[in-house]
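Colleague: Could you walk me through this model, taking it slowly? I would like to start with the ligand and then move on to the charged pairs.

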Amino acid sequence: MGLLDDLKERIVIADGAMGTLLYAHGIDRCFEELNVTKPEEIVHIHEAYIESGAEVIQTNTYGANYVKLARYGLQDDVKKINEAAVGLAKRAAKGRAYVLGTIGGLRSTNKSAISLEEVKRTFREQLYVLLNEGVDGLLLETYYDFEELQTVLSIARKETTLPIIAHVTLHDIGVLQHGMPLAEALTELERLGADVVGLNCHLGPYHMLRSLEEVPIPTRAFLSVYPNASLPQYRDGRFIYETSEQYFEETARAFREQGVRLIGGCCGTTPKHIAAIARALSDRTPVYKKEVKQRHPIVVQEEKQTTAPSLADIARTRRSIIVELDPPKKLGLTTFLEGAKALKEANIDALTLADNSLATPRISNVAVGTIVKQQLGMRPLIHITCRDRNLIGLQSHLMGLHTLGMTDVLALTGDPSKVGDFPGATSVYDLSSFDLISLIRQFNEGLSYSGKPLGQKTNFSIAAAFNPNVRHLDKAVKRIEKKIECGAHYFLTQPLYSEKQIEDVYEATKHLPTPIYIGIMPLTSARNADFLHHEVPGITLSDDIRNRMAMCANDRVQSTKEGLAIAKALIDAAFDLFQGIYLITPFLRYDMTVELVRYIHEKERLAKERTVYYG
Ligand SMILES: Cc1cc2nc3c(=O)[nH]c(=O)nc-3n(C[C@H](O)[C@H](O)[C@H](O)COP(=O)(O)OP(=O)(O)OC[C@H]3O[C@@H](n4cnc5c(N)ncnc54)[C@H](O)[C@@H]3O)c2cc1C
Ligand SMILES: [Zn+2]
């Protein structure tokens, strides 16, 4: 008889949390290291769960993988820690309980931070140790990212015929992080060969029950659930979980009605919770039938389509000029608004507004964008970085932009705080630019990050950054290809300072379907040129350009003229290759960008005249 035979006959009780129990005992570092340094404590916890009624226990290896152990400098101890864990669980089980080798998910919000290759490598390393040590089955748990779970489950299924339990983790009731319904996910896990499918962590019993109400009893696999004890409370600098055991007893019976066969606990649960489950389900009788609640169809109101074409569409069909005018670093908008007005009169397609560029605080670009839109009737393109807002703040920000009717956004990782005025400030980076682009695309489908319906689809047109000022242009192009896969509609480049570079960028990107706005920023002085050349990573100015600026070093009028002449030559180089031109206004010197806008329009007019004249 094995675990699967038992599950065929009856409900099986599993253990509860390890990590939060150790944390409650005052341990606030690598829990898995204790397999080696405090083995008795781990054995003691396993025993407590078995004595409470657990027939299945899991090794203390949730985070015993290369990536997570590296946070504690223990990356070389993957084998030692996993080997020890299996030994301790077996020692405690003494044949009274099945021992599952646990492997936890790596990816959370910042999906792109860990590539699938890294996921595979890390998983395999841990998997082989656990299998070699003779576990009775595998528990793949706390997978927020479904792609990751599909990947590791497929690997594990090829490597072993032992029972595999595969658990997703939800942010919200009934849906995975990108909106996939739970029932669909569990069916897919069954198809990939999991013997037991279910969910663990993050949600307490109430939300898990509501999630399971929409899940049919699987045909071949068994259903499992490991709820958290409750939502955690933050008290006196510590996280605390609280639930009554009575409540756990009641919910265990309700889980039985949902067809659950394997039931344990996740964060916050203790041997007392497991004892409560065992009491509630003392006869272990399963149910074979249930009524499945139909998922409410997601009501998504189509966003009223704006009649204005997107900046991507504009650049596909005609010359398009967008101009960056940074929100001021000091209070007061007089000069800024004069500049915006002058640019509007010069006839630009949009005003791009940076998000605290160079990690230095400026008046919020949404505040400035609102004024520009409402008072001047201009089209703002709002830059959004992942530096200053966490996943909550970013989503709230996007909802706010949608509400204000600002649909043009530039999704960026953003300059790190280290480079700015407040180097000690945190750079949040819950998401990278890739994740942010994907998030905005998901908003356009009417779903929040957690997969929850937003009630409406947003209508964002998504721009992304392209930095050709790198040693290997092909690598930068690969990055933008990845951004296109994530959902980017068009690109804005960093400022370029050589005609040859503009041609190289054209050659390297002409296969792409997305328009590119070429960045051009006029030089204002010799010092400005020297700064860019020597201190801004990636930017190189030719000797000729620096000499030209140096020749008029102390003459503002001449410097402006020379800076504009250089910029115009760059515009000439870009003109026939790219329809989109992105002018960057240096130091609120809008007189310079206004002049360049006029120059482009004039060039355009002459080009059209020539076409008419020559046919
Ligand atoms: C058009 C434009 C507008 C910008 N606006 C703002 C703004 O409003 N606020 C602000 O703070 N910053 C802004 N920046 C700066 C930007 O955040 C940094 O230049 C950033 O490094 C590149 O853009 P990203 O944030 O999309 O980074 P991503 O493309 O997401 O790159 C993030 C990080 O990955 C690494 N990386 C990037 N390219 C490569 C490569 N080829 N090879 C290896 N590693 C690489 C770098 O460490 C980089 O910092 C802007 C940049 C551009 C081009
Ligand atoms: Zn948990």
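Colleague: How far is the side chain of Lys-483 from an oxygen atom of ligand 1?

Modeller: In this predicted model, an N or O atom in the side chain of Lys-483 is 2.7 Å from an oxygen atom of ligand 1, which falls under a polar contact, meaning a pair of N or O atoms within 3.5 Å (within protein, one must be able to donate a hydrogen and the other to accept it, and residues adjacent in sequence count only if both atoms are side-chain atoms). As for the ground rules, local features need pLDDT of at least 70 and side-chain atom pairs count only at pLDDT 80 or more, while totals for chains, interfaces and linings use all residues. Side-chain values use heavy atoms, leaving out hydrogens and water, residues are numbered from 1 along each chain as its sequence is written, and chains are lettered from A and ligands numbered from 1 in the order in which they are written.

Colleague: And what about Thr-413 and Asp-415?

Modeller: For Thr-413, a polar side-chain atom lies 2.5 Å from an oxygen atom of ligand 1, whereas for Asp-415 a polar backbone atom is 3.0 Å from an oxygen atom of the ligand.

Colleague: How much of ligand 1 does the protein cover?

Modeller: On its own, ligand 1 has 920 Å² of accessible area, and the protein covers 72% of that, with areas taken from the Shrake-Rupley method with a 1.4 Å probe (for residues, only the protein chains shown count as cover).

Colleague: Switching topic, how many salt bridges are there in the whole structure?

Modeller: The search finds 36 salt bridges, each being a side-chain nitrogen of Lys or Arg within 4 Å of a carboxyl oxygen of Asp or Glu. One of them joins Asp-145 and Arg-107, at 2.9 Å from N to O, and this pair links parts of the chain that are 38 residues apart.

Colleague: Are those two buried or exposed?

Modeller: Asp-145 is buried, with a relative accessible area of 1%, and Arg-107 also counts as buried, at 7%; buried means under 20% relative accessible area, exposed over 50%, and partly exposed in between (1.4 Å probe, protein chains only).

Colleague: What about Glu-83 and Lys-79?

Modeller: Their closest N and O atoms are 3.0 Å apart in a salt bridge, and because the two are four residues apart in helix α6 (residues 78–93), about one helical turn separates them. Here Glu-83 is partly exposed at 27%, and Lys-79 is exposed at 52%.
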